[in-house]
Structure formats: C-alpha cells, structure tokens
Amino acid sequence: MRCAVYARVSTELDSQRTSIDNQIDIFRNYAAQQNWEVVKIYTDKQSGTKENRPGLKGLIEDGKAGMYDVILAKELSRLARNGRLSYELRDICQFNNIHIVCLDNSINTVEGNVQNFGLFAWLYENESANSSRRNKQAKRVKAQRGLFVGSNPPYGYRSENGILKIKSDNSPNIIRRIFQEYLSGTGMDTIAKTLTTESVPTPAQIANKANASRLWHASSIKVILNNQHYCGDLVQNRSETISVTSSKRRELNEENQVIIEGTHEAIIPKETYNAVQVMMQSRTRTATAPKKHLFTNVLYCEECQKGMWYKANQKGYRCGGNIKHGNSFCLNKVAVREKELMHVIMEDLQSLFDTLKEENFMNTLINRLNGKKQQIQKELHAVQTQMETLKSKKLEYVNLFTENVISKEELVEYRELTDNKIKALQITKTQLDENMLECENENYAINIGNKLKDVLKLKELTPQILHSLVEKVTCTHDGSVHIQYSFVNPLQET
C-alpha cells in the first residue's frame, strides 16, 4: 500500500527536532516490514489540540485526492489531542477508504483494531487538559515572582530570562512619541495615520507575526496607551483560553490578574501613564450610532476597494482608506458629491424608462433579451467546460506526482493555481446563473418599467429604492463613477 507518514512535536525547540527524525525512522522501518511504500511525509511543530496545522491540512487534502492508502502515526495523540478532531479524522478516512495505523495500538484499521479508539481519544484530550492546567499554574507562579511569561514581549521591550528589557531599536522612542502626542491632544486615528505614512513598523511586524499588516490602527494605539508595562509594572494573566480545544480567549477580572509594580525599567514615567489614563477616560463618551447616509455600503473606492465615507463639510464622500491611512495606502482624494451622484443615477433610470415606454420598442427589446439569453448560455457552457477541464488536469498532476514525474513543490504550486482558477470560474458561473434567471422572467421588461415608473414618480432616491436598483458604485481617483445596477440592463449591448 501507499503510505503517508505523519510526525508531530509540540514546539519549535531544537531539542524536539530530533524527535521528528526519530519518528520518521521508526515509520520507515515499520513500512518496510509491511512492504508499504512511503509516498509522503507530513510534519508539524504545533499542539495536537489545534486543527489548523499545515502538515495535518496537507495530509487531509492529499488523502481526499487519493494520493495514499494508509496513514501511519506514532500515537493517536500525534494526529490529535482533541476528541472531536480525532473522530473527524477517523470519519474522513472512512469516507475516503483510507486506513489509519497508530503504533500505540489506539487504532489499526488494517487489522480491524478499532475498539480502543474512543478510550484513547478521551485519554489524550484529558491529558492535554491536565497539562494545560499545570502550565497555567506554573506560569502564574512565575508571574507572581515578577517574571514575564508571555509569548511576545510588549512592543518596545525584549525578554531576557523573564525580565523585560528596553530594546535598542527605535520602538521605545515610538512608544514615548505616542504618549506625548496623545497628551498634546492628537487623536488616536491621526497618530496611527502618521505612523503608517512614515512606514513605522507595526507591533505585529516587529513580532514577526504571520500576515502582519503595515497599517497602524487607532485600536493599536489604544492598546499601547492602555499598557501598564510601559511605566515599569508587570501585568499578566489578563486573559485565558476558554478550553484546551479552543483558541478563543476570555478576559479575567482584576482580582485574577497578576500585577506587580516596578519589576523592570520604564519607557515612560508613571505620571505620564496616569495622565493618559485620565485623559482617555475624559474623552470616552457614549456615542450615538453613526448616521447612515444614502450611499453608505454602496459607494466604494475603485483604487483600494474601501468604502467611501460621507464628509458633512464637503457634502459628499471620500475614500475611507485615504482618510484613515493616508496617501501611503490610497491616493484617491476625490470627493463625490451626493447630489451629483443622485442626479447621474436618476438620469440613467429616466433614460431607460423613456425607452421602455415606447410600445414599438417592445419587440426589439424582447429580441435583444433573447439574444442576451443565448449569449449567457454560451458563456455558461464555456465556464462549465473550463471547470471540468481544470478538474481533470488536477487529477492528472496528482498521478504524475505519484509516478515521480513532477516534484511535490510543482504539484502544490499547480494545485493552488488550479484551485484559484476554479474558484474564479465558480464566481463567474454564479453571476451568469443569476443573470439567466432574470432574463428568463417573461415579464422582465414590464417589471423593470413598472419599477422605474414608481421610482420616477417620487423624483428622488430613497435608501430602499437605491438598494433595490443599484448593486455597487465605484469611484476612481480622477472622479470617474461606475454604477453597477442590480438588474440586467436590457439596453446594454452584449
């Protein structure tokens, strides 16, 4: 049989790298004894309670693609320490005719040994819960001794044997600047926008987090201003995971937090920190819900795809991305006047309605709709053919990989490219299906005419009318406006 090997350790520590190599050696020997061919090896360096592991995800995807016949793991806990995840993996394998063999005797479907699976799944999850509880207690004891136990030190600090030390880069100066600017009256949004414009690395970038954004946000500034670490105090155990099988966290009240003053060198004086807290409290107000204007959630910037915000002093809309993050994010500074935009849409609708009123035009309109239907059917057939071709080629490349004609990297690259193409075609197909449904309505033109007649009687656009007729409006940096109506325009050339 074709065998897939899965090896996992919990951390990135050097001491655990040998463990993965040892696991793989054991698997190769076992597979050789069974006369199995090891076709792929999957590894992870993460907790077994988490399901978003790259190696595990690849194992499941390749299994569904039929790339192997049996999964080999040292223990069931290497695959999953989460009872629910253990059962899901077992069911996925059953549905795809894949065997599971774990060397701890928790499950061996090749030999029909499945009676102990539920017991082992429960034992491993229970063991993880106990281990998590012990780790939390150990961290709390360290925190009470004045040692930092977090995974990432606060922005501006580094951790040396549990003691926070001020970093030698520019981040401490950024902290001082944020506090000073806020005390001088500068708002959080403005501070964030300036830091983004100056390309100052964000806390997420400094911490080397995956998908770290280069954009500063008011929320990031607020977190820094609220962080008591910056005045030399250690504040820990502010939140905890809900359970060992969940990554969701809950905030702890102050009684359960560990707060020890003066444990490390302060970046800002405590007086400054306290003054900022007072100012933040005084600025906090119960805000009413922001007023929604006519084109809210309809009008977008075509350059960055962010929603455009209504500015009362300009009686129009500006790109939200430019307003919030500045020119470094989006250069679109054009202001779209609400009255002008309403006028353009009403003129479009009036023109369409005037044409629909002419009885001698109806036959031409119906013929054009029939032509549009034929065009949509043709496009649907082409899309469906392309999707089927891509799926067939995807399977061909899997076969080429199993025959060692192409490398794993080539297979992964092609699969990602093919999947993206299929997703794009599916979106196109969905839109074409919707267009076809509208065209197939035998009273289509009459319904549009009646709808427009009711709208034009009012001589104004209400939110209800706008959302029923207009799907989306986009604006470019030169002021050009593109309107996407929510119905298929029968007058538009195909």
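Predicted model: local features only at pLDDT ≥ 70, side-chain atom pairs only at ≥ 80, totals over all residues.
Residues are numbered from 1 along each chain as its sequence is written, and side-chain values use heavy atoms, with hydrogens and water left out.

Reader: How many helices and strands does the secondary structure of the chain come to?
Author: Helices here are DSSP runs of H or I with at least four residues, strands are runs of E with at least two, and both are numbered from the N terminus. On that basis, the tally for the chain is 16 helices and 16 strands.

Reader: What percentage of the residues in the chain is buried?
Author: Buried means under 20% relative accessible area, exposed is over 50%, and partly exposed sits in between, using a 1.4 Å probe and protein chains only. The chain has 494 residues, and the buried share is 37%.

Reader: And what is the accessible surface of the chain?
Author: Areas come from the Shrake-Rupley method with a 1.4 Å probe, and for residues only the protein chains shown count as cover. Carbon and sulfur atoms own 47% of the surface, and the total is about 28,500 Å².

Reader: Among contacts between residues at least 6 apart in sequence, what percentage joins residues at least 24 apart?
Author: A contact is heavy atoms within 4.5 Å. Of the contacts in the chain that pass the 6-residue limit, the share joining residues at least 24 apart is 65%.

Reader: What is the volume of the largest cavity?
Author: On a 1 Å grid over the protein atoms alone, a cavity is a set of points where a 1.4 Å probe fits but cannot get out, and lining residues have an atom within 4 Å of a point. Grid points are joined across faces, edges and corners, and a volume is the space filled by probe spheres set on the points. Searching the whole structure turns up 2 cavities of 30 Å³ or more. The largest one has a volume of about 90 Å³.

Reader: Which element gives the most to the lining of the largest cavity?
Author: The lining has 13 residues, with Ile 60, Tyr 68, Ile 71, Leu 89 and Cys 93 nearest the centre. Two elements give two or more residues to it, α2 (54-64) and α4 (83-95). With 4 residues, the top contributor is α2.

Reader: How do the residues of that lining divide into nonpolar, polar and charged?
Author: Ala, Val, Leu, Ile, Met, Phe, Trp, Tyr, Cys and Pro count as nonpolar, Asp, Glu, Lys and Arg as charged, and the others, Gly among them, as polar. For the largest cavity that gives 10 nonpolar, 2 polar and 1 charged.

Reader: Which element gives the most to the lining of the second largest cavity?
Author: That cavity holds about 30 Å³ of space, and its lining includes Leu 76, Leu 79, Leu 89 and Phe 117. At least two lining residues come from each of α3 (76-79) and α4. The biggest giver, with 3 residues, is α4.

Reader: Which side chain has a polar contact of 2.7 Å with Asp 62?
Author: Asp 62 is part of helix α2 and counts as buried because its relative accessibility is 4%. Among the residues it touches beyond four places in sequence are Lys 40, Met 67 and Arg 415. A polar contact is a pair of N or O atoms within 3.5 Å; within protein, one must be able to donate a hydrogen and the other to accept it, and residues adjacent in sequence count only if both atoms are side-chain atoms. The partner in this one is Tyr 42.

Reader: Is Ser 106 buried or exposed?
Author: Ser 106 lies in the loop between β4 (99-102) and α5 (117-144), and its side chain makes a 2.7 Å polar contact with that of Asp 104. Beyond four places in sequence, it touches Leu 76, Asn 113, Asn 116, Phe 117 and Phe 120. Its relative accessible area is 0%, so Ser 106 is buried.

Reader: What is the positive phi of Asn 161?
Author: Most residues other than glycine have a negative phi. Asn 161 lies in the loop between β5 (157-160) and β6 (163-166), and is exposed because its relative accessible area is 74%. Its phi is positive, at about 55°.

Technical notes:
1 Å grid on protein atoms, 1.4 Å probe; cavity = no way out; pocket = protein on both sides within 12 Å on 5 of 7 lines; lining within 4 Å.
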